Amino acid sequence: MFVRSALALALLAAASLAHADAKVLKKVAPEYPAEAARKNITTGSVRAKIAIAGDGKVSNVEVVEAEPKRIFDRAAVDALSQWKFEGTGAAQTHEVKLVFKSED
C-alpha cells in the first residue's frame with residue numbers, strides 16, 4: 001500500500017487588511033485526495049483567500065485558483081480551516097498557496 005501525502009504550505013505575499021503579516025501558530029497539512037491518486041495526478045496547487053477573525057481563527061476559506069481544477073480544493077479548504085493565527089483583535093484577509101505532491 002502506498003502512502004500519499006501532501007507537501008505544501010508556503011504563505012504567499014499576503015493580501016492583508018492589516019499592516020503586518022499574520023503569524024501562523026498552527027498549520028494543518030492537507031491530506032492528499034484519493035481522487036487524485038486514482039487519476040494518477042501527482043502534483044497540483046491551490047491558491048486560497050483566508051479570512052482570519054480577530055481571535056486568530058480562520059472564519060472563511062475561498063479557493064481563488066486551483067490546478068488542476070476541483071481535485072485538491074476540498075483538501076485545501078479542510079486543512080486551511082483548521083489553521084490558527086495569532087489574534088490581533090482585528091479581522092484580516094490573507095492569501096495562501098498550497099502545493100500538492102504525491103509521495104509514494
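**Close-up 1. Aromatic ring pairs in the predicted model.** Rings of Phe, Tyr and Trp, the last represented by its six-membered ring, are taken to pair if their centres lie within 6.5 Å, and in this predicted model the count by that rule comes to four aromatic pairs. One of them joins F72 and F100, whose rings are stacked at 4.4 Å centre to centre with 25° between the planes. This pair links distant parts of the chain, since F72 lies in the loop between β4 and α2 whereas F100 belongs to strand β6, 28 residues apart. F72 counts as buried because its relative accessibility is 0%, and F100 likewise counts as buried at 0%.

**Close-up 2. The tilted pair of W83 and F85.** The ring centres of W83 and F85 are 6.2 Å apart and the planes stand at 45°, so the pair is classed as tilted. W83 is buried with a relative accessible area of 2%, and F85 is buried at 1% relative accessibility.

**Close-up 3. The largest nonpolar core.** This core holds 23 residues, of which I50, F72, L80, W83, F85, L98 and F100 touch the most other members. Two or more residues each come from β3 (43–52), β4 (58–67), α2 (73–80) and β6 (92–101).

**Close-up 4. Helix α2 and its cover.** The buried residues of α2 are D73, A75, A76, A79 and L80, and what covers them includes β3, β4 and β6.

Close-up 5. Strand β6 is mostly covered, seven of its ten residues being buried.

Note on methods
Residues are numbered from 1 along each chain as its sequence is written. This is a predicted model: local features need pLDDT of at least 70, side-chain atom pairs count only at pLDDT 80 or more; totals for chains, interfaces and linings use all residues. Side-chain values use heavy atoms; hydrogens and water are left out. A nonpolar core is a set of buried Ala, Val, Leu, Ile, Met, Phe, Trp, Tyr and Cys residues joined through side-chain atoms within 4.5 Å. Buried means under 20% relative accessible area, exposed over 50%, partly exposed in between (1.4 Å probe, protein chains only). Helices (H or I, at least four residues) and strands (E, at least two) are DSSP runs, numbered from the N terminus. Contact means heavy atoms within 4.5 Å. Rings of Phe, Tyr and Trp (its six-membered ring) pair if their centres lie within 6.5 Å; planes under 30 degrees apart count as stacked, over 60 as edge-to-face and the rest as tilted.
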